[in-house]
Amino acid sequence: MKKLAVYAFRFLWRLIVGWQYKKMGWHSYIQKPLKVNGKKNISIGRKVLVQYKTWLAAMPLTGTPHPVLEIGDGSLIGNFNHIYATKKIVLGKQVLTADKVYISDNIHGFEDIHTPVKHQPVVQKNEVYIGDGSWLGENVCVIGAKIGRQCVIGANSVVTRDIPDYCVAAGSPARIIKRYNFNTNSWEQE
């Protein structure tokens, strides 16, 4: 009975709130977000759960008229995540993020040493893609990088360079520590 009540609540939530987004898939739910900016630029697939106090944004701060933030079907976004697109961020299907993950395709400018950073323009970095089935551990930061399919990014890692499919990466900056070998059907140290 409790499960039915949860589905009924989420269905009503989708009817009341879901129309504000570019796309809101069936059985998707955003649980008490911290903020959501640029809802008309955000697409959320089916059966997506965005957990407590996450901040989602897709705002044209760098001149891109219609930034894109897409979260694929079946993805689970942890508590206190911060995902901010100024051009394009795409999370594939079945992506899992732990708590306190930061994903961005931009940074604050800091070129002018005579102007406080908060008064300098936002600088566009590369588009961000996170492949299907990947997992980002606790406190991971992804800034202007692509992460392949079925990857694992270790806790506290900072990803600023692309990570290919079927890799485990860790560190700051993140580097590949394992790859899946399809010939031996096993994960191998780098």
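Visitor: Is C141 buried, partly exposed or exposed?
Guide: This is a predicted model, so the value is computed from predicted coordinates. The relative accessible area of C141 is 23%. Buried needs under 20%, and exposed needs over 50%. C141 is therefore partly exposed.

Visitor: How many disulfides does the structure hold?
Guide: A disulfide is a covalent bond between the sulfur atoms of two cysteines. The cut-off for a sulfur pair is 2.5 Å. For C141, the nearest cysteine sulfur belongs to C151, 17 Å away. For C151, the nearest is that of C167, at 5.3 Å. The number of disulfides is zero.

Visitor: Is C151 buried or exposed?
Guide: Buried means under 20% relative accessible area. C151 has 1%, so the residue is buried.
Next to it in sequence numbering comes another point of interest.

Visitor: Which value does phi of Q150 take?
Guide: Most residues other than glycine have a negative phi. Q150 sits in the loop between strand 18 (146-147) and strand 19 (152-153). Its relative accessible area is 39%, so Q150 counts as partly exposed. Phi of Q150 is positive, near 50°.

Visitor: Where is K32, which also has a positive phi?
Guide: Phi of K32 is about 40°, and K32 is not a glycine. At 58% relative accessibility, K32 is exposed. K32 is found in the loop between strand 2 (29-30) and strand 3 (35-37).

Visitor: How many residues apart in sequence are the parts tied together by W55 and Y84?
Guide: W55 lies in strand 6 (residues 55-58). Y84 lies in strand 9 (residues 82-85), and is buried at 13% relative accessible area. The pair ties together parts separated in sequence by 29 residues.

Visitor: Which residues form one aromatic cluster?
Guide: Y166 and F182 pair edge-to-face, with centres 5.0 Å apart and planes at 90°. Y166 is partly exposed, at 26%. The cluster consists of Y166, Y180, F182 and W187.

Visitor: What is the N to O distance in the salt bridge of R179 and E190?
Guide: R179 lies in strand 22, and E190 in the segment after strand 23. R179 is partly exposed at 35%, whereas E190 is exposed at 55%. A salt bridge requires the atoms to be within 4 Å. The distance is 2.8 Å.

Visitor: Which residue forms a salt bridge with E127?
Guide: The structure has three salt bridges. E127 lies in the loop between strand 14 (122-124) and strand 15 (128-130). Its partner is in the loop between strand 9 and strand 10, 40 residues apart in sequence. The closest N and O atoms are 3.8 Å apart, and the partner is K87.

Visitor: How far apart are the closest N and O atoms of E138 and K100?
Guide: E138 is in the loop between strand 16 (135-136) and strand 17 (141-143). K100 is in the loop between strand 11 (96-97) and strand 12 (102-104). E138 is partly exposed at 29%, and K100 is partly exposed at 39%. The closest N and O atoms are 2.7 Å apart.

Visitor: What accessible area does the nonpolar patch on the surface have?
Guide: The patch is formed by F11, L12, L15, I16 and W26. L15 is in helix 1 (residues 2-17), and is partly exposed at 48%. Together the five side chains' residues have about 520 Å².

Notes
Residues are numbered from 1 along each chain as its sequence is written. This is a predicted model: local features need pLDDT of at least 70, side-chain atom pairs count only at pLDDT 80 or more; totals for chains, interfaces and linings use all residues. Side-chain values use heavy atoms; hydrogens and water are left out. Patches are made of residues with over 30% relative accessible area and no salt bridge: like charges are joined within 9 Å, nonpolar side chains (Val, Leu, Ile, Met, Phe, Trp, Tyr) within 5 Å. Accessible areas come from the Shrake-Rupley method with a 1.4 Å probe; for residues, only the protein chains shown count as cover. Helices (H or I, at least four residues) and strands (E, at least two) are DSSP runs, numbered from the N terminus. Buried means under 20% relative accessible area, exposed over 50%, partly exposed in between (1.4 Å probe, protein chains only). Rings of Phe, Tyr and Trp (its six-membered ring) pair if their centres lie within 6.5 Å; planes under 30 degrees apart count as stacked, over 60 as edge-to-face and the rest as tilted.
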